[in-house]
Amino acid sequence: MSDKSAIIVNDTTVSCEGKGDTGGHPRVYIKLDHHTNVAECPYCGQAFKLDPDAKISAAH
Ligand SMILES: [Zn+2]
């Protein structure tokens, strides 16, 4: 794997545009939830990790 560190997010949806050394890519939205608390961008491989302290409102 790459040596990129995961970005900690506090929302279940995160967007990625590939900022950095990848030169960018179309914006994609990545879903996170309690079952998939770590996800990688399919374009640039950036990892996103759901903050365990984040208040996630369940479907209500
Ligand atoms: Zn990306």
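Which residue in strand 5 does Val 9 stand opposite? The residue is Leu 50. Keep that pair in mind while I take you through the rest.

First, a caution. This is a predicted model. Everything I quote is computed from it.

Let's start with the overall make-up. The protein chain has 60 residues. Its secondary structure comes to 0 helices and 5 strands. Read from the N terminus, the elements go β-β-β-β-β. Buried residues account for 10% of the chain. Now the contacts between residues at least 6 apart in sequence. Of these, 40% join residues at least 24 apart.

An open sheet holds 3 strands, in the order 1-5-4. Its pairing is mixed. Strand 1 and strand 4 stand at the edges, and each has a single partner strand, so one side of each lacks a neighbour in the sheet. On average, neighbouring strands here are turned by 30 degrees against each other, direction ignored.

A word of background on pairing. Strands of a sheet pair through backbone hydrogen bonds, and they do so either parallel or antiparallel.

How do strand 1 and strand 5 run, parallel or antiparallel? They run parallel, and 3 bridges join them. Strand 1 covers residues 7-9. Within this pairing, Ile 8 stands opposite Lys 49 of strand 5. Val 9 stands opposite Leu 50, the pair I opened with.

Now the other side of strand 5. Strand 4 covers residues 38-40. Strand 4 and strand 5 pair in the antiparallel sense, over 3 bridges. Here Glu 40 has Ala 47 as its bridge partner in strand 5. These two strands also form a hairpin, with 6 residues between them. In that hairpin, Gly 45 takes a positive phi near 80 degrees.

Is Ile 7 buried or exposed? Ile 7 is exposed, because its count is 12 other C-beta atoms within 10 Å. Setting aside residues up to four places away in sequence, Ile 7 touches Gln 46 and Phe 48. Ile 7 and Gln 46 are 39 residues apart in sequence. In space they are 7.9 Å apart, C-alpha to C-alpha.

On to strand 2, residues 13-16. Ser 15 lies in this strand. Ser 15 counts as exposed, with 11 C-beta neighbours inside 10 Å. Leaving out neighbours within four places in sequence, Ser 15 is in contact with Arg 27, Val 28 and Tyr 29. Strand 3 is residues 28-31. The C-alpha atoms of Ser 15 and Lys 31 are separated by 8.9 Å. Along the chain, those two are 16 residues apart.

Take Gly 18. Gly 18 is partly exposed, with 17 other C-beta atoms within 10 Å. Beyond residues up to four places away in sequence, Gly 18 touches Gly 23, Gly 24, His 25, Tyr 43 and Cys 44. Gly 18 and Gly 45 are 27 residues apart in sequence, yet 8.8 Å apart in space, C-alpha to C-alpha. Gly 45 is the hairpin residue with the positive phi.

Now Gly 24. Gly 24 counts as exposed, because 12 C-beta neighbours lie inside 10 Å. Its contacts, again without residues up to four places away, are Glu 17, Gly 18 and Lys 19. The C-alpha atoms of Gly 24 and Tyr 43 are separated by 9.0 Å. Along the chain they are 19 residues apart.

Definitions and conventions. Residues are numbered from 1 along each chain as its sequence is written. This is a predicted model: local features need pLDDT of at least 70, side-chain atom pairs count only at pLDDT 80 or more; totals for chains, interfaces and linings use all residues. Two strands pair if DSSP finds at least two bridges between them. Helices (H or I, at least four residues) and strands (E, at least two) are DSSP runs, numbered from the N terminus. Axes are lines fitted to C-alpha atoms, for helices over the stretch in contact, and angles run from 0 to 180 degrees between N-to-C directions. A residue is buried if 20 or more other C-beta atoms lie within 10 Å of its own, exposed if 12 or fewer, and partly exposed in between; C-beta atoms are placed from the backbone. Two residues are in contact if their C-beta atoms, placed from the backbone, lie within 7 Å.
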